[in-house]
Amino acid sequence: MIFRFYKQSESVRMLCIAILGVIFGFITYEMIYFINPFSPNATISWMFAFVVGIARQHALHRHFTFQHKTSYFKSLYRAYVVDISALLFSTGFNWFLSEILNINHRIVWVCCLLSTALISLVFLKKYIFRTSVNS
């Protein structure tokens, strides 16, 4: 089954890993939200779940999406550079939606996920996992 997965196009593999990441990300978020005693609960839970998700998604994409292998630590560093920028934006967005507009935390999670997914998608292959000689 794994061999058949690797025969799929890179775009299909990327989509599958993204969907898997969404599922794992939501479970992670819900667990953190449930045990988080700090306020604002939704925003702080988003931040912690997002940071955990950076490493998890990097590992999943590195192992399953891209067949070429870049330097692990170099690509992980790039992932954190891109995603920390996305985290800063999405944390403010999360706070605004959950604390000012009082939108349900799960709906806010989806809104923030969509905003950061767009950022990650743009940079994933072109920057994080690029394979140029000067990378």
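Along the sequence, the chain follows the pattern α-α-α-α-α. The model is predicted, and the chain holds five helices and zero strands. Of its 135 residues, 39% count as buried. Among contacts between residues at least 6 apart in sequence, 73% join residues at least 24 apart.

**Helix 4**

- Helix 4 covers residues 72-100, a run of 29 residues.
- From the first C-alpha of helix 4 to the last, the span reaches 40 Å, close to the 42 Å expected at 1.5 Å a residue.
- Just after helix 4, Asn 102 adopts a positive phi of about 55°.

**Packing of helix 3 with helix 4**

- The axis of helix 3 (residues 41-65) comes within 9 Å of the axis of helix 4, and the two cross at roughly 155°.
- Angles over 145 degrees count as roughly antiparallel, and helix 3 and helix 4 are therefore roughly antiparallel to each other.
- The crossing in which helix 3 passes helix 4 is right-handed.
- The residues in the contact of helix 3 with helix 4 comprise 15 nonpolar, seven polar and two charged.

**Ser 115 in helix 5**

- Ser 115 lies in helix 5, which spans residues 105-128.
- The relative accessible area of Ser 115 is 17%; buried means under 20%, so Ser 115 is buried.
- With neighbours within four places in sequence left aside, Ser 115 is in contact with Phe 89, Ser 90 and Phe 93.

Note on methods. Residues are numbered from 1 along each chain as its sequence is written. This is a predicted model: local features need pLDDT of at least 70, side-chain atom pairs count only at pLDDT 80 or more; totals for chains, interfaces and linings use all residues. Side-chain values use heavy atoms; hydrogens and water are left out. Helices (H or I, at least four residues) and strands (E, at least two) are DSSP runs, numbered from the N terminus. The expected span of a helix is 1.5 Å times one less than its number of residues. Axes are lines fitted to C-alpha atoms, for helices over the stretch in contact, and angles run from 0 to 180 degrees between N-to-C directions. Angles under 35 degrees count as roughly parallel, over 145 as roughly antiparallel, 65 to 115 as roughly perpendicular and the rest as oblique. A crossing is left-handed if the near helix is turned anticlockwise from the far one by less than a right angle, and right-handed if clockwise. Ala, Val, Leu, Ile, Met, Phe, Trp, Tyr, Cys and Pro count as nonpolar, Asp, Glu, Lys and Arg as charged, and the others, Gly among them, as polar. Buried means under 20% relative accessible area, exposed over 50%, partly exposed in between (1.4 Å probe, protein chains only). Contact means heavy atoms within 4.5 Å.
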